[in-house]
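Here is a short briefing on how two chains meet, and on what else stands out. Look at the structure first, then read on.

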Amino acid sequence: MKDAMQYRQARQRWSTKNRRRNRILTLAAVLCTCGLLFFANRFADEYQIRILNMVAIYITLAVSYNLINGITGQFSLEPNAFVALGAYSSALLTMTPMEKGMNFIIDPCAPWLAQICVPFLPAVIFGGLMAAFFALLMGFPVFRVRGDYLAIVTLGFGEVIRVVANNLQTVTNGPLGLKGIAPYTDLWWTWGLAFVTLFVIIRLVNSSYGRALKAIRENELAAESMGINSFRHKLLAFSMAAFFEGMAGAMLAHLITTISPMLFTFFLTFNLLIIIVLGGLGSLTGSVIAAIAFTWGSELLRAVEEPTDIFGWFTIPGIPGMRMVIFAVILIAAMLFWREGIMGRKEFSWGWLFGLVPGGKQKKSV
Amino acid sequence: MTFQLFLQQLINGLGLGSLYGLIAIGYTMVYGILRLINFAHGDVMMMSTYFAFFGVSIFALPWWVAALLAMILTGLLGISIDQGAYRPLRRASRISALITAIGVSFFLENAALVVFGSRPRAFYRPEMFRAIWHFGDISLLSLTGYTILITLCLLVIVYFIVYKTRMGMAMRAVSKDMHTVPLMGIDLNRVVAFTFGLGSVIAAVGGILWAMKYPQIEPLMGIIPGLKAFVAAVLGGIGNVFGAVLGGFILGITEILLVAFWPELSGYRDAFAFLLLILVLIFRPTGIMGEDLPE
């Protein structure tokens, strides 16, 4: 009895000590990244900064997409739709009435919208809320009956967003899209959003909600019989993912400053699917690693679409569109031969890192 | 709107609905058996139109030979997709198979874009489908009439296969319990391959008729019909071939009538099927003729 008490106390001391250490290390890592960003902001050229921004946006998207696909195990194909929603709603909010007047040349902007102009941050949050609202609207009928229709419903929703953006001339300016959106997004915004997303989703996954989500992934029936309300949990995960995807869309709109319905095709969703599969379905760490690797890698892959010289005497003509074929092959091959991806379902932790250093391994909880 | 005009639109809607129904049959059979949404189905249909197109334009075959050949090739394509991409994942989690399915779909679309080019190509419409039939004030393209007839004939054939043959009995058994069936001495893989083959051949018929209707084809033409056909399958009750065709008819007719009554909504036509899907899921998730499938 006494032994058990002592054991428990020792364990508690050990874990508080470790937790404090981990927290300090995490903070240090975040500060290091911020330092690097500061230097990048000062010294990197425009192209590199653009890629760094895209990396952060892809991290945000991949981590939130993994929450619904990997952690909860509900296959969905929504990111392009929610990114489009977030992009359009935030862009319309931040545009001044004058800018709107210059954009809407075929039909004037709807009167209720024309005078609205809000600062960047509220607009971004509103973009996220719009996406979350539509996620609830879709998730409600789908999760109530059959979760595996989610994929086709979200795929259809992506098409609907495109159709609506093309046709609702007075709100979205139709196929012309919106031009001259203020370039508010910089490295601080995108990486800030990426960190906030990571923080919130990691906290969620490690909470009892997260354990419930994983239980639903493993066996929904068993989870339900343990008293987990799977409908509510799935809805929570889905709308949470949508919220962050919408905000990432808002960042994207204010980064590239020109949006049109053509921009948010299924290709975006497909990229994210590759990222979360390669990183490991259900591993947030894997999503971050794969998002970074993929964003750089897909820039390199542009080479296959341009003519390549081999030693100057032989030229391979570039094949436009070949990149997409390669992506598709990568995804199918990963599913068939490498279903674990980089991380499987494991997560990075400081304890694991210390375990790698010989002698640095702490006494395992007695 | 006069009654004649209404009837006219009804016939047009039936013609369009038949095409949805033909594609939906493949969806509904595969879902019924494997609980897999075969995202590549719409793209398989697209490939069938290219097979027929090249048969006519490059090999100068008579159109019906090209169509038959395209049906056979599409059937083989469906079977090889199943054997190559889905079969290794039969025992994996369902999400793996779904991800592979979307990968196959994306692969077919983009490979077609690279190989065939993105330019739409004119599709040959044979002489017998160009005539215009008149019934009183109603006139319709003979193609529409033939489409409806072919759909009904195929439905009878599929009914016969599913309910009167040994293979059909095996299919129905697999849809009830995939894990017990192999214990009864039935070759699961043959049944699944047959289902994919049959569904793809019927999709090829739908695809070729579709291509003759609009007479042009392009690599991304399969996406929207594929989505709508899935809605039709859910509407009719997934797993039920009659339901698939019935759902196709309903979807086609409502779509045409909607545009006829409210022409200003024609831009939103593609969004309507989606709305219908949501409504079905809210009010009757099992569809019109569907029985409750075990999850």
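**A nonpolar patch on chain B**

α5 (142-164) and α9 (241-261) of chain B each supply at least two residues of a nonpolar patch. This is a predicted model: local features need pLDDT of at least 70, side-chain atom pairs count only at pLDDT 80 or more, and totals for chains, interfaces and linings use all residues. Residues are numbered from 1 along each chain as its sequence is written, chains are lettered from A and ligands numbered from 1 in the order in which they are written, and side-chain values use heavy atoms, with hydrogens and water left out.

- The patch lies on the surface and consists of Tyr159(B), Phe160(B), Tyr163(B), Phe242(B), Leu246(B), Ile250(B), Ile288(B) and Met289(B).
- Together they have about 660 Å² of accessible area (Shrake-Rupley method, 1.4 Å probe, only the protein chains shown count as cover).
- Patch residues have over 30% relative accessible area and no salt bridge, and nonpolar side chains (Val, Leu, Ile, Met, Phe, Trp, Tyr) are joined within 5 Å, like charges within 9 Å.
- Ile288(B) sits in the segment after α10 (269-283) of chain B.
- Helices here are DSSP runs (H or I, at least four residues), numbered from the N terminus; strands are E runs of at least two.

**Where chains A and B meet**

- Chain A gives 45 residues to the contact and chain B gives 42 residues (heavy atoms within 4.5 Å).
- About 3700 Å² is buried between chain A and chain B, and carbon and sulfur atoms give 79% of that area.
- Buried area is the accessible area (1.4 Å probe) that two parts lose on being put together, summed over both.

**Salt bridges**

- Over all chains, the count is 9 salt bridges (a side-chain nitrogen of Lys or Arg within 4 Å of a carboxyl oxygen of Asp or Glu).
- One of them joins the side chains of Glu218(A) and Arg345(A) at 2.7 Å, N to O.
- Glu218(A) is in helix α10 (residues 208-218) of chain A and Arg345(A) in the loop between α15 and α16 (350-356) of chain A, so the pair ties together parts 127 residues apart in sequence.
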